[in-house]
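I opened my notebook to look up how the parts of this protein chain hold together. Here are my entries.

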Amino acid sequence: MAVDSALSSPLGPPACEKDAKALRFIEEMTRNAEAVQEKVLAEILSRNADVEYLKRYKLGGATDRETFKSKLPIIKYEDLQPEIQRIANGDRSAILSAHPISEFLTSSGTSAGERKLMPTIQEELDRRQLLYSLLMPVMNLYVPGLDKGKALYFLFVKSETRTPGGLLARPVLTSYYKSEHFKTRPYDPYNVYTSPNEAILCADSFQSMYVQMLCGLLEREQVLRLGAVFASGLLRAIRFLQLHWQALASDIESGTLNQKITDPSIKDCLGKTLKPNTELAEFIRMECSKENWERIITRIWPNTKYLDVIVTGAMAQYIPTLDYYSGGKLPMACTMYASSECYFGLNLNPICRPSEVSYTIMPNMAYFEFLPQEPSDSFGLTSSDPQPVDLVDVEMGKEYELVITTYAGLYRYRVGDILRVIGFHNSAPQFHFVRRKNVLLSIESDKTDEAELQNAIDNASRLLREFNTSVGEYTSYANTKTIPGHYVIYWELLIKDSANSPTNEVLNQCCLAMEECLNSVYRQGRVADNSIGPLEIRVVRNGTFEELMDYAISRGASINQYKVPRCVNFTPIVELLDSRTVSAHFSPALPHWTPERRR
Ligand code: AMP
């Protein structure tokens with residue numbers, strides 16, 4: 001029930017007093033975005049005035065924007081690598097931040113094939129928590145009654161390592177789920193999960209998924225929303241159900257836990273609640289044994305009001321599959337925009353269509369700057385050296401690269417995300433996530449760029465030398481029609497001696513040779529998370545890439561400027577390539593991966 005009008009917010013009537021407070025906070029921050037940003041920068045610079053990095057640029061204690069911008073360079077991760085390495089090696093002096101670095105967050109963005117290490121400080125957890133606390137008050141404005149049921153969210157922890165200096169290195173969500181902020185969160189009727197903490201915190205991904213699915217099935221009528229962080233995660237859960245529904249149904253029927261579940265805390269927790277339920281087991285068998293899995297989500301969880309998954313950016317490729325499993329009618333809510341470096345903001349209209357999603361950056365999270373993306377001329381040159389602008393100065397319709405200065409000690413750091421302004425809430429801009437810079441292929445959190453793909457092709461091509469064969473042309477495609485998705489690489493081969501052309505076995509090995517060369521996030525997806533399927537090479541017949549060029553030219557490309565696209569996703573082009581495919585080859589084994597870094 002909505003609270004009285006005295007609490008009402010311009011965003012809408014809050015569902016309860018706690019929500020009213022959160023909505024007021026959003027209003028306050030977005031109305032005063034300019035002043036909040038000024039204050040945030042002054043806070044960051046004054047508390048860190050004596051850190052080595054800032055002293056190097058001779059800020060002389062200044063905390064104003066003009067001095068800051070005139071003295072500090074805009075940097076990339078690679079520029080910070082020496083400082084990060086020193087911290088990782090155990091240097092505890094104030095290099096980047098006056099507050100001690102509490103741990104490293106391992107980004108899915110990579111540098112030289114390894115995950116980037118993002119320094120963080122203890123109090124950042126509070127900031128992340130604050131952003132999380134704003135999500136349900138906004139959602140409650142659009143979807144009433146969420147306190148009458150539960151959320152089935154598939155949440156996982158991943159492996160963690162220690163740096164040579166002893167600091168923990170792990171993904172930001174693993175850090176959050178293992179924190180007291182999450183583990184001992186107070187009961188909130190609007191945010192009750194079917195998954196027990198014991199299942200979320202289980203490091204074995206099979207056991208974790210099995211138990212989360214089991215609990216979701218046991219409470220299927222209470223489930224009001226289903227989710228995972230990214231769309232790919234929810235689809236993996238559906239795939240898991242496809243593979244394991246018989247075992248799950250048999251546990252439900254007998255009221256006992258599958259022998260593969262050995263984690264003592266899970267056994268302890270479920271042992272008390274699991275009771276035989278023949279009727280439910282029969283229902284699951286009936287639904288899951290059907291050939292057709294269309295609408296399976298709404299068939300099993302009939303009270304689902306929306307899916308809580310990110311389907312913006314690289315995840316947009318999963319929308320058709322999610323629509324298939326949910327009957328095309330369930331909204332897909334993209335609630336927030338965040339990264340290992342910093343949590344940025346939230347979607348104030350979460351039930352909108354995926355194409356209309358915008359994120360409002362919360363000005364209290366960090367100091368934000370925006371590098372304009374200037375349109376380049378026909379020679380690929382931009383007219384001037386674009387200067388970054390402040391949060392409140394971005395212009396409607398324009399695209400920018402996000403640059404952040406954080407409490408944890410990143411100063412004018414390029415995140416690599418391109419955002420377009422599509423509106424304002426009060427004085428805070430709302431951004432459409434356009435793309436991540438330089439990402440060619442992505443299935444889940446993996447991000448492969450053009451140089452990495454080229455390097456992988458070079459590595460694999462070595463195996464062709466003894467056959468006097470080389471790769472004449474190539475392109476690639478992220479195939480997400482299968483679960484898990486996989487990389488498809490199209491090769492046009494130059495075979496000099498057709499009597500000695502590479503065998504099927506050699507081409508399979510080429511797939512593996514490519515995988516061995518891809519970055520550690522890709523290999524982790526293949527080996528530990530099972531979120532990426534074996535890489536596939538499709539050999540196309542000679543002349544295919546010329547046809548590709550003809551097609552592009554027929555659609556207006558200039559002959560002089562035409563370059564083979566290294567990744568394709570336009571359906572007619574993929575269809576053309578597929579129709580010219582003469583053989584397909586898959587990686588026969590898993591590439592190497594361990595949680596430890598290679599360097
Ligand atoms: P990570 O570095 O692994 O923490 O990943 C952070 C990156 O994921 C961001 O910089 C974005 O590129 C992407 N990302 C995070 N949230 C969203 C979102 N809501 N929509 C699209 N991309 C996102």
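Is Arg538 buried or exposed? I looked it up: Arg538 is buried, with a relative accessible area of 13%. My cut-offs are these: buried is under 20% relative accessible area, exposed is over 50%, and partly exposed is in between (1.4 Å probe, protein chains only).

**Ground rules**

I noted that this is a predicted model, where local features need pLDDT of at least 70, side-chain atom pairs count only at pLDDT 80 or more, and totals for chains, interfaces and linings use all residues. Residues are numbered from 1 along each chain as its sequence is written, and side-chain values use heavy atoms, with hydrogens and water left out.

**Entry: Arg538 and its partner**

I found that Arg538 forms a salt bridge with Glu536, with the closest N and O atoms 2.7 Å apart. A salt bridge here is a side-chain nitrogen of Lys or Arg within 4 Å of a carboxyl oxygen of Asp or Glu. Glu536 is buried at 5% relative accessibility. I also wrote down a network: Glu34, Glu38, Arg65, Lys69 and Asp390 are joined by salt bridges that share partners.

**Entry: other salt bridges**

I counted 40 salt bridges by this rule. One of them links Arg47 and Glu123, at 3.0 Å from N to O. Arg47 lies in helix H2 (residues 33-47) and Glu123 in the loop between strand E2 (114-121) and helix H6 (124-142), so the pair ties together parts that are 76 residues apart in sequence. Helices (H or I, at least four residues) and strands (E, at least two) are DSSP runs, numbered from the N terminus. Arg47 is partly exposed at 26%, and Glu123 is partly exposed at 21%.

Next I checked Lys183 and Glu180, whose closest N and O atoms are 3.7 Å apart in a salt bridge. They sit 3 residues apart in helix H8 (residues 180-183), so about one helical turn separates them. Lys183 is partly exposed at 34%. Glu180 is partly exposed at 48%.

**Entry: domains 1 and 2**

I looked up the domain assignment, whose bounds come from an automatic or database source. It gives domain 1 (17-121 + 352-375 + 387-436), domain 2 (147-304) and domain 3 (440-586). The C-alpha centres of domain 1 and domain 2 lie 34 Å apart. Their contact (heavy atoms within 4.5 Å) takes 13 residues from domain 1 and 12 residues from domain 2.

How much area do domain 1 and domain 2 bury between them? I read about 1000 Å², with 53% of it on carbon and sulfur atoms. Buried area is the accessible area (1.4 Å probe) that two parts lose on being put together, summed over both.

Between these domains I counted 2 salt bridges. Glu103 and Arg170 form a salt bridge, with N and O 2.6 Å apart at the closest. On the side of domain 1 that touches domain 2, helix H5 (77-88) and strand E1 (101-111) each supply at least two residues. E1 gives the most, with 6 residues.

**Entry: Thr448**

Where is Thr448 found? I located Thr448 in the loop between strand E16 (428-436) and helix H16 (450-461). Thr448 is buried, at 0% relative accessibility. Leaving out residues up to four places away in sequence, Thr448 touches several residues, including Leu453, Leu518 and Asn519. Tyr487 is also among them.
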